[in-house]
Amino acid sequence: MVQRELHPFIKEHKHALLFAGGIATAIIGAHILKSQTTKDLATKGMAGVISAKKDAEETFQDMRENAEDIVYDANMDTKQEIYIEKKE
């Protein structure tokens with residue numbers, strides 16, 4: 001019964017209801033953004049991102065050092081092979 005009575009009302013005042021819903025959403029959103037819980041979650045999230053960034057940088061640096069070592073060893077092996085071939 002209530003649905004049949006509300007349907008014409010909603011259809012007639014659709015724009016006003018959308019406007020009121022937008023205002024309610026803005027007010028609720030402002031309260032959520034200002035809450036201490038939201039600030040704490042944002043802080044923890046940023047700390048996690050910074051920690052992940054540092055870990056990624058350390059991993060990348062380790063990979064770079066390992067690659068440099070491999071290239072150096074390969075160059076040394078090549079130089080030794082050339083030296084041995086010239087010597088013979």
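## Salt bridge

E57 and K53 form a salt bridge (a side-chain nitrogen of Lys or Arg within 4 Å of a carboxyl oxygen of Asp or Glu), with their closest N and O atoms 3.4 Å apart. The model is predicted: local features need pLDDT of at least 70, side-chain atom pairs count only at pLDDT 80 or more, and totals for chains, interfaces and linings use all residues. Residues are numbered from 1 along each chain as its sequence is written, and side-chain values use heavy atoms, leaving out hydrogens and water.

By this rule the count is 1 salt bridge. E57 and K53 are separated by about one helical turn, because they stand 4 residues apart in helix α3 (residues 36-87). E57 is partly exposed at 43% relative accessibility, and K53 is exposed at 51%. Here buried means under 20% relative accessible area, exposed over 50%, and partly exposed in between (1.4 Å probe, protein chains only).

## Negative patch

A patch of negative charge on the surface is made of D55, E58, D62, E65, E68, D69, D73 and D77. Patch members have over 30% relative accessible area and no salt bridge, and like charges are joined within 9 Å. Asp and Glu count as negative, with the charge placed at CG of Asp or CD of Glu. One of these residues, E68, lies in helix α3.

## Whole chain

The protein chain has 3 helices and 0 strands, in the order α-α-α along the sequence. Helices (H or I, at least four residues) and strands (E, at least two) are DSSP runs, numbered from the N terminus.

Of its 88 residues, 0% count as buried. The protein chain exposes about 8500 Å², and carbon and sulfur atoms supply 63% of this area, computed by the Shrake-Rupley method with a 1.4 Å probe.

Conventions. Patch = residues over 30% accessible without salt bridge, like charges linked within 9 Å, V, L, I, M, F, W, Y side chains within 5 Å.
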